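Hi there,

Here is the structure I promised to pass on to you. Have a look at it first, and then read my notes below.

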Amino acid sequence: MLPPLYRHRWMDEDIEAFREQVRRYIAGEMAPQLEGWRRQGFIPREVWRPFGEMGFMLPELEEAYGGAGASLAYQCVVQDELAKAEVPANTAVHTIAAHYIRDYGTEAQKQRWLPRLASGEMLAGIAMTEPGCGSDLQALRTRARREGEHYVVDGAKTFITNGYTANLLVVAVRTGEAGSRGVSLVVLETEGLEGFRVGRRLEKLGQHASDTAELFFENVHIPADHLLGGEEGRGFVQLMSQLPYERTLLTIPAAAVIERAVELTLEYTQERKAFGQSLYDFQNTRFKLAECATLAHVVRSFVNDCVQRLLDGTLDDTSAYMAKWWCTDQQCKVVDECLQLFGGYGYMVEYPIARLYADSRVQRIYGGANEIMKELIARRLAA
C-alpha cells in the first residue's frame, strides 16, 4: 500500500470529517451511475441539486450567499474525492465561475446568483475559448455591444465544460478596443434565452461523463446589469487574478489520480500471475511502482503546500504555474507507467486504469496548456 498521506497543517479533524461525508455520498449516490453518465456523455444537471443541499457545491461561500463560510480547503477536499472516484471536474468549473461573481460582482449580482449556485439550482460554466482563440484571450472575437439597457452578444465558443448542462454562463466578450482592455465578462442565464444555442456535444478522448460543447450567440439580448461588476474593460484583469486558485484546482485531481493509479496497479500486480509468480515478484515491477509511489508522494506534498499557501493568501502566480504543469505532467507519466504493468488488460476500458489514462491527458491542455505555463514561468525568471 502507499505510505499514509502525511497530515498537513490544513487538514484538521473537521476537514477530515467533511472528507468522509463527501466520500460516502459519492460512493453511494454518484459512483453507481457513472457508467450510464459516460454512455450518455453528460451528468444531468439535477444530480447537482442534492449535492448542493449536502453543502458540497460551494462550502467556501459566505453564509449570506448560501455557503457554509468554510475555508477553500473544503472545496479542495471535494475536488480530491471526486477525482478519486472518477467523477469529472464539472464542479471545479462551477466553483471558478462562482468565485468570479463573488469577487467581482455587484451586491445585486451576488444576491441574484450565488445562493442558486450554492444550492445546485444553477450549474455554471465559463465560456472563454473560441474556435480561433484559446490561451490568447486578448484575441477573442465574441462581442457584446451596448444598446440602451441591454447588451447584444454575438459570437461562438468551443470546448466549453458544462456547455450542454449549465444554465448560467460567465462569458468572456469584447466590449471595446482590441487587446486586453476591451475584454469584459457578462453573465447569461441560458434557459429560454433567445438567440443562445448549444451546438454539438463534442466527442472526446476521455472525460466521457463531462459534457463539452460548442456554444453560439446570435443577437442575444441580456440586461445591462449582467455585466460582471458593472464596469466594462475589467474582464481580462478579473480572469487573470483568479489564476492561482484555478491552477491549484487542477493540481488536486492530478495528485488524486496518481495515488489511485498506483493503488490499482499494486493490487493488480500482486494478484496477476506470470511464469509461476506474481507480477509484483519481478524486480522491474517493484522498481516501477517504487518510482510511481515516490512521485505520488512528491506531487501530493507539492499540492498540499500550494493549498496551504492559497489558504494563507501567499500563493503567487509563478508557483501556481509550476504546480499546474509539473503535477499534470507527472499524472500522465505515472498513469502511463501503471497502464503498462496491466499489459493488454490495461488497454481495456472496463479496467479503471484505461479510463484514468484517457481522462488524464487533457490535464496538460485545459486550464492553460503546459507550454503556456512554462512560458509564463520563463518570463518571470527573466524579469
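Just after helix α6, Gly 120 adopts a positive phi of about 90°. Please keep in mind that this is a predicted model.

Even so, α6 has a kink of about 30° at Trp 113, shortly before the proline Pro 115.

Trp 113 is also one of the buried residues of α6, along with Gln 109, Lys 110, Leu 114, Leu 117 and Ala 118. An α-helix has 3.6 residues a turn, so residues three or four places apart point the same way. What covers the buried residues of α6? Among the elements that do so are the helices α3 (48–53) and α5, together with the strands β1 (124–127), β4 (168–174) and β5 (183–189).

Helix α5 (residues 90–104) is where you will find His 99. This histidine counts as buried because its relative accessibility is 2%, under the 20% cut-off. Setting aside residues up to four places away in sequence, His 99 touches Glu 60, Leu 72, Gln 242 and Tyr 245.

Finally, look at Tyr 357, in helix α11 (residues 352–360). Tyr 357 is partly exposed, with a relative accessible area of 41%. Apart from neighbours within four places in sequence, Tyr 357 is in contact with Val 335, Asp 336 and Leu 339. Between Tyr 357 and Thr 285 there are 19 Å, C-alpha to C-alpha, and the two are 72 residues apart in sequence.

Best wishes

Key:
Residues are numbered from 1 along each chain as its sequence is written. This is a predicted model: local features need pLDDT of at least 70, side-chain atom pairs count only at pLDDT 80 or more; totals for chains, interfaces and linings use all residues. Side-chain values use heavy atoms; hydrogens and water are left out. Helices (H or I, at least four residues) and strands (E, at least two) are DSSP runs, numbered from the N terminus. Buried means under 20% relative accessible area, exposed over 50%, partly exposed in between (1.4 Å probe, protein chains only). Contact means heavy atoms within 4.5 Å. The bend at a residue is the angle between axes fitted to the seven residues ending there and the seven starting there.
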